[in-house]
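Work through the exercises below with the sequence and the structure open. Try each task before reading its solution.

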Amino acid sequence: MTSVEEGRPRALLAGASRWWVRLLPWAVAFVLSVALLPTTIVVLTADYGLGGGLASALAVAQAAPLLLAVAHPLRAWYVIFAADVAGALALLTVDFEARLLWPFPPMGIVGYIGLCLALGLRERRRTLLLVWLATAAANVGLGFAAPHGFGAKGLLLTILGGVALLLGGVLRERHEVQRRLAEQETISEAERERRTLLEERARIARELHDVVAHHMSVITVQADTAEYRLATLEPDVREEFTSIAATARESLGEMRRLLGVLRNEEAHGELVPQPGLPQIAQLVEATARTVGPVEFTPCDAEVPEAVGLSAYRIVQEALANVVRHAPGAATRVSLSVSEPVADGADGADGADRLTVLVVNGPPPKPPAAPLEVGGTGHGLVGMRERVRIIGGTLDAGPLPDGGFRIAARLPLTGPEFP
């Protein structure tokens, strides 16, 4: 509603997105000022009998600062409050009818209410309380000098001004709470995304640890048994194999100690062998039994374990999303290995690639409630991280017919897979 940035006050509604909303406070202040200025002069001279010059000066002092109140309501209050008190004192010098309001005429009350509303929309509670106390003190103090007695109607400025201050303060604080809530939701969403990414990275690291640990164990066993399998080895060659085995065991131990912190009491289920391309058929079959037909095109190619694991997880998460967001939709899962092409052709790098394609159509009807299956729960964040780690690419997005398409291209050769 209002804000102060770097010590520079901004006008009321200056942060609104629409131009006419930003101009609205200025328009209201202008109309109010223009309407009160001549009215105050006429009422003070015709009804109260005040001199024209003094009435004009008081009218300008009470109405013109309302334009200042749009951007600097507290400064405007100093001027208008002093002008209202001065006007009440000036009216003591003339003889006016007892039926007329005093110490503050109706025009002054109207302008003061508008000023209090602007104050409430801008200032803090302490300032608003001090403004109201000053208003009440001046109102009660002037009451002791009332020429025709002082009744409840003489406190109209205090009562209506307090209501306007309270209303403006409530609206401002409500807006402030909503703004902070929106900021907190933005921060929370960013933190959730960051936590999701870190959790998925930790999960990928645990899985890759299992893959690498398997290969390191094979190296250790082969090096340890070389002298028994190859009887004609020279002593220096046997010593070399012994050194290789020792180094492999030491590296395996260091890796386990380094990544052991990623294991926890909830990760015991991940100690089983990691899945690969052969297990995708079982995943597709289980999903088809749950939500509907799934067309599957398998691939029997030999791929690195890290690639097979990534392909399995990508299909797993994609099918989980189908179950959650498009149950019953026709789904197609395709695995294929592309042949190498010349460098620079369609962005290719001349390497073999495993293409993982999961496409689903729109659901037959919107799900009544989200369904869940055993997915990773990390969605596209986890997919992109897995693809990035092995140097692949991921293309994901909605289709014109309301479906969704996920296409991952995972390299089978390169620096990651010597």
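**Exercise 1. A pair within one helix**

Task: Find how far apart E183 and R179 are along helix α7, and state what their side chains form.

Solution. Step 1: E183 and R179 are four residues apart in helix α7 (residues 156–229), so about one helical turn separates them. Step 2: The structure is a predicted model, and in this model the side chains of E183 and R179 meet in a salt bridge, at 2.6 Å from N to O. Step 3: A salt bridge requires a side-chain nitrogen of Lys or Arg within 4 Å of a carboxyl oxygen of Asp or Glu. The 2.6 Å between E183 and R179 meets this cut-off. Step 4: Side chains of opposite charge can pair when their charged atoms come close. Step 5: E183 has a relative accessible area of 40% and is partly exposed. R179 is also partly exposed, at 33%. Step 6: The pair belongs to a network of salt bridges that links E176, R179, R180 and E183.

**Exercise 2. Two further salt bridges**

Task: Decide whether E317 and R324 are buried or exposed, then do likewise for R172 and E173.

Solution. Step 1: The cut-off for buried is a relative accessible area under 20%. Step 2: E317 has 1%, so E317 is buried. R324 has 11%, so R324 is buried. Step 3: E317 and R324 form a salt bridge, with the closest N and O atoms 2.8 Å apart. Step 4: R172 has 7% and is buried, while E173 has 24% and is partly exposed. Step 5: The side chains of R172 and E173 meet in a salt bridge at 3.5 Å, N to O. Step 6: A search of the whole structure gives eleven salt bridges.

**Exercise 3. Cysteines**

Task: How many disulfides does a search of the whole structure find? Are C116 and C299 buried or exposed?

Solution. Step 1: A disulfide needs two cysteine sulfur atoms within 2.5 Å. Step 2: The search finds zero disulfides in the whole structure. Step 3: C116 has a relative accessibility of 1% and counts as buried. Step 4: C299, at 15%, also counts as buried.

**Exercise 4. Surface patches**

Task: Which residues form the negative surface patch, and which form the nonpolar patch?

Solution. Step 1: The negative patch is made of E234, D236, E239 and E240. Step 2: E239 is located in helix α8 (residues 235–259). Its relative accessible area is 58%, so E239 is exposed. Step 3: A patch residue must have over 30% relative accessible area and no salt bridge. Step 4: The nonpolar patch is formed by W19, W20, L23, L24, W26 and V28, which together have about 660 Å² of accessible area. Step 5: W20 lies in helix α1. With 45% relative accessible area, W20 is partly exposed.

**Exercise 5. Separation in sequence and in space**

Task: For F30 and A64, G361 and G403, and G292 and V323, compare the separation along the chain with the C-alpha separation.

Solution. Step 1: F30 is in helix α1 (residues 19–47) and is partly exposed at 49%. F30 and A64 are 34 residues apart along the chain, and their C-alpha atoms are separated by 8.7 Å. Step 2: G361 is in the loop between β5 (353–360) and α11 (379–389), and at 14% relative accessibility G361 counts as buried. Between G361 and G403 there is a separation of 42 residues along the chain, but 4.0 Å between C-alpha atoms. Step 3: G292 lies in the loop between α9 (277–291) and β3 (294–297). It is buried, at 17%. G292 and V323 are 31 residues apart in sequence, with 9.3 Å from C-alpha to C-alpha.

**Exercise 6. A peptide bond**

Task: Is the peptide bond from W102 to P103 cis or trans, and where is P103 found?

Solution. Step 1: Omega for the bond from W102 to P103 is near 20 degrees, and the bond is cis. Step 2: P103 is in the loop between α4 (73–91) and α5 (106–122).

Definitions and conventions
Residues are numbered from 1 along each chain as its sequence is written. This is a predicted model: local features need pLDDT of at least 70, side-chain atom pairs count only at pLDDT 80 or more; totals for chains, interfaces and linings use all residues. Side-chain values use heavy atoms; hydrogens and water are left out. Patches are made of residues with over 30% relative accessible area and no salt bridge: like charges are joined within 9 Å, nonpolar side chains (Val, Leu, Ile, Met, Phe, Trp, Tyr) within 5 Å. Accessible areas come from the Shrake-Rupley method with a 1.4 Å probe; for residues, only the protein chains shown count as cover. Lys and Arg count as positive and Asp and Glu as negative; His and the chain ends are not counted. The place of a charge is taken as NZ of Lys, CZ of Arg, CG of Asp or CD of Glu. Helices (H or I, at least four residues) and strands (E, at least two) are DSSP runs, numbered from the N terminus. Buried means under 20% relative accessible area, exposed over 50%, partly exposed in between (1.4 Å probe, protein chains only).
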